[in-house]
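Subject: Model handover

Hello,

Here is the structure for your files. Please open it alongside this note; the findings follow below.

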Amino acid sequence: MTSVRSLPRVVALALLAVAACTPAGSTPSPSPSPNGATSTSSATRAAVATGLATAPHAIVGPVRAWYLVPDGLTRDTVHIAVTFPDGDPSAGTPRARLRSNGRVVALERSRDIPASWQAELPLDGVTPGDQRVEVIVRLASGQDEVVGQRDFKTSAPEYIVWTLDFEGDASSDQALANTAAIADEQKIPMTVMWNPRVWTTTQVQPARADAMLAWTKERVAKGDELSLHIHMWTDFVRAAGLVPRTAPSWAGRGDGYDVPITAYPENDQRALIEYSLRLMSEHGLARPTTFRAGGQFANEATLRALAGLGFVADASAVPAGAFGRLPYPWTLAADAQPYRPSTFDANKTGDLPLLEAPTIGGNTFGYDVRTIQPIIRADLSYLAPAGEIATTRRALTIVSHPGTIDATERAAIAALFTSLAALRYDRDSGPLRFVTLAQLAQAWR
């Protein structure tokens, strides 16, 4: 018989025996909370089994109607915001899943908004088409349950580049104001193609050249691109230390303006471009990386010179045809798309580290609201119709001149850009983005 005095020792030994029979690392099973999540102390939270007893109510926030498949410029992600008003869904490991390819990303709890969860869903590898993103949670049964969804479209991007060629002569304050007004009202970036001839001629007064320069610097400060555009004016060529030519020419002017750069050998072409860059630097302008030759005349020698000087894009190319007295050196189709040209043939694809961006979107010089309609129809024909997905990326380059944009041409350009409003990506209406020429080169990497 055990004495009363020895009972504490017996109890202690019994407790030790029970402990010895308990598997190492086990903890008492927690009881489920009403919303299906496990209620535990902080010491046992790591051992909680995942899975919700029932699917929670989820409110999925809106997403854009249009997204773009990635390229060198565009890297869209779909921002997903979900509210779970009835409780914490953590035990269900809430996620967002793209239906088309099964990509899954975890929803993370928002630090600022109670019951809100968010995620960024990448679109790398997604093809153009209708898409659905689903919000899923894991149930205690082990199954994933869809508790919300949103639909959207993914499209190949379409691009428009608006280039503004200074010709090397004077531009009035009114014309410059009209040009800036279009860009600001339409919210379209400009590729401002500066012409340094204004500093080598007596035909442009210094005060006028200063005003044009100030305007250009102001536009660049607002985010427009600075580019280079040169004509073979005889005074400009002579200032560069070369012998000027007056033939061949597309208009027979005699002052060199209408002589193509292709009339000069490659070494001279490079010297003229280098001289232009030096003049721009001396007047406080950054070194441009994009170019257009006067009259759209350029050849493989021009492109080799540009590539050798670090330019990333040229917009001299146009569809096959003629300009004035001269046939173009281009043999491209009417809807030609950007390409990297051959070292030995500007019309063929090759290995030059330079993008050729054909100007297929038209030249707005001399048009009014009525006469520009054919250009509008042609440009729209190159793009996916309103509401439709673009299956392949496209680009159009349009040229205007800040020295000629009077009230009539301003209205024509505004009509052209307004006709594209239903396609604009920045308005979540379609896949069309307005970009600079340098941005286009980045997109086509």
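Start with a pair of strands. Strand β6 (residues 95-98) runs antiparallel to strand β7 (residues 104-106), and three bridges join them. Strands pair here if DSSP finds at least two bridges between them. Helices (H or I, at least four residues) and strands (E, at least two) are DSSP runs, numbered from the N terminus.

A word on the source. This is a predicted model: local features need pLDDT of at least 70, side-chain atom pairs count only at pLDDT 80 or more, and totals for chains, interfaces and linings use all residues. Residues are numbered from 1 along each chain as its sequence is written, and side-chain values use heavy atoms, with hydrogens and water left out.

Back to β6. Arg95 stands opposite Ala106 in β7. The β6-β7 hairpin has five residues between its strands, and Gly102 takes a positive phi near 80° there. Strand β6 also runs antiparallel to β10 (residues 129-138), with four bridges. In β10, Ile136 stands opposite Arg95.

Next, helix α5. Just after α5, Gly284 takes a positive phi of about 80°.

Then the largest pocket. Its volume is about 750 Å³. A pocket is an open set of points on a 1 Å grid over the protein atoms alone, where a 1.4 Å probe fits, with protein on both sides within 12 Å along at least five of seven lines; lining residues have an atom within 4 Å of a point. Of the 39 lining residues, Phe323, Tyr328, Asn363, Val399 and His401 are the closest to the centre. Elements giving two or more residues to the lining are β15, β17 (322-323) and α7 (373-382). The largest share, four residues, comes from α7.

Finally, the whole chain. The protein chain has nine helices and 21 strands. Of its 445 residues, 49% count as buried. Among contacts (heavy atoms within 4.5 Å) between residues at least 6 apart in sequence, 69% join residues at least 24 apart.

Best wishes

Conventions
Grid points are joined across faces, edges and corners, and a volume is the space filled by probe spheres set on the points. Buried means under 20% relative accessible area, exposed over 50%, partly exposed in between (1.4 Å probe, protein chains only).
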